Amino acid sequence: QLQASGGGVVQPGDSLRLSCTASERTFSTYALAWFRQSPEKEREFVAAISRIGGSTAYADSVKDRFFFSRDNAKNTAFLQMNSLKPEDTAVYYCAARAGNFYGNGRYDYWGQGTLVTVSS
């Protein structure tokens with residue numbers, strides 16, 4: 001079971017860190033990803049990380065602003081979001097799939113989402 005947290009209301013240019021936690025003891029065997037969805041758009045890929053954390057991938061819209069990391073010893077992954085823009089406003093979902101790395105592919109398990117609002 002995945003749980004996303006850390007969302008909130010911030011101003012443009014601010015930073016925010018999202019967390020994705022899991023109760024699975026096999027957390028390190030899952031590739032992870034973040035997706036987001038706003039009322040105006042379909043769900044879109046944000047970032048992905050391999051099961052050990054050696055590989056990452058990002059959507060062009062967040063590259064060099066967002067950074068995905070994980071701490072398998074704590075069953076937790078983090079999405080560090082910097083230089084936030086109003087267009088980053090969305091519900092962010094953590095997703096997982098057993099295996100090494102899937103990038104912008106299919107994921108089997110989803111968390112409940114956490115809302116990020118970027119507004120002045």
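## Exercises on an all-strand chain

**Exercise 1. Where does Ser-38 lie, and is Ser-38 buried or exposed?**

Let's start with the location: Ser-38 lies in the loop that links β4 (30-37) to β5 (44-49). A quick reminder that we're working with a predicted model here.

Next, the accessibility. Ser-38 has a relative accessibility of 11%, and the cut-off for buried is under 20%. So Ser-38 counts as buried.

Finally, look at who touches Ser-38. Skip the residues up to four places away in sequence, and you're left with Thr-89 and Ala-90.

**Exercise 2. Work out which strands stand at the edges of the open four-stranded sheet.**

Step one is to write down the strand order, which is β1-β3-β8-β7, with antiparallel pairing. Step two is to look for strands with a single partner: those are β1 (2-5) and β7 (66-71), so one side of each has no neighbour in the sheet. As for the twist, it averages 15 degrees from one strand to the next.

Now zoom in on one pair. β7 and β8 (residues 76-81) run antiparallel and are joined over six bridges. Within that pairing, Phe-66 sits opposite Met-81 of β8.

**Exercise 3. Find which residues have the most contacts inside the largest nonpolar core, then trace the contacts of Tyr-92.**

The largest nonpolar core holds 35 residues. Its residues with the most contacts inside it are Trp-34, Val-46, Phe-66, Phe-68, Leu-79, Met-81 and Tyr-92.

Where does the core come from? Elements giving two or more residues to it include β1, β3 (16-22), β7 and β8, and also β9 (90-98) and β11 (114-118).

Then take Tyr-92. Leaving out neighbours within four places in sequence, its contacts include Trp-34, Val-46, Phe-66, Leu-79 and Met-81. Among its other partners are Ala-4, Leu-18, Arg-36 and Val-116.

**Exercise 4. Check how the radius of gyration of the chain fits with a compact globule.**

Begin with the make-up: the chain has eleven strands and zero helices. For 120 residues, a compact globule would have a radius of gyration near 14 Å. The chain comes out at 13 Å, which agrees.

For the overall dimensions, the C-alpha atoms fill a box of roughly 40 × 25 × 25 Å along the principal axes. Of the 120 residues, 42% count as buried.

Last, consider contacts between residues at least 6 apart in sequence: 58% of them join residues at least 24 apart. The chain exposes about 6,200 Å², with carbon and sulfur atoms supplying 45% of that area.

Conventions. Residues numbered from 1 in each chain as written. Predicted model: local features only at pLDDT ≥ 70, side-chain atom pairs only at ≥ 80, totals over all residues. Heavy atoms only, no water. Buried < 20%, exposed > 50% of the residue type's maximum accessible area, 1.4 Å probe, protein only. Contact = heavy atoms within 4.5 Å. Pairing = 2+ DSSP bridges. Axes fitted to C-alpha atoms, helices over the stretch in contact; angles between N-to-C directions. Rg over C-alpha atoms; globule rule 2.2 N^0.38 Å. Areas by Shrake-Rupley, 256 points an atom, 1.4 Å probe, with all protein chains shown as cover. Core = buried A, V, L, I, M, F, W, Y, C linked by side-chain atoms within 4.5 Å.
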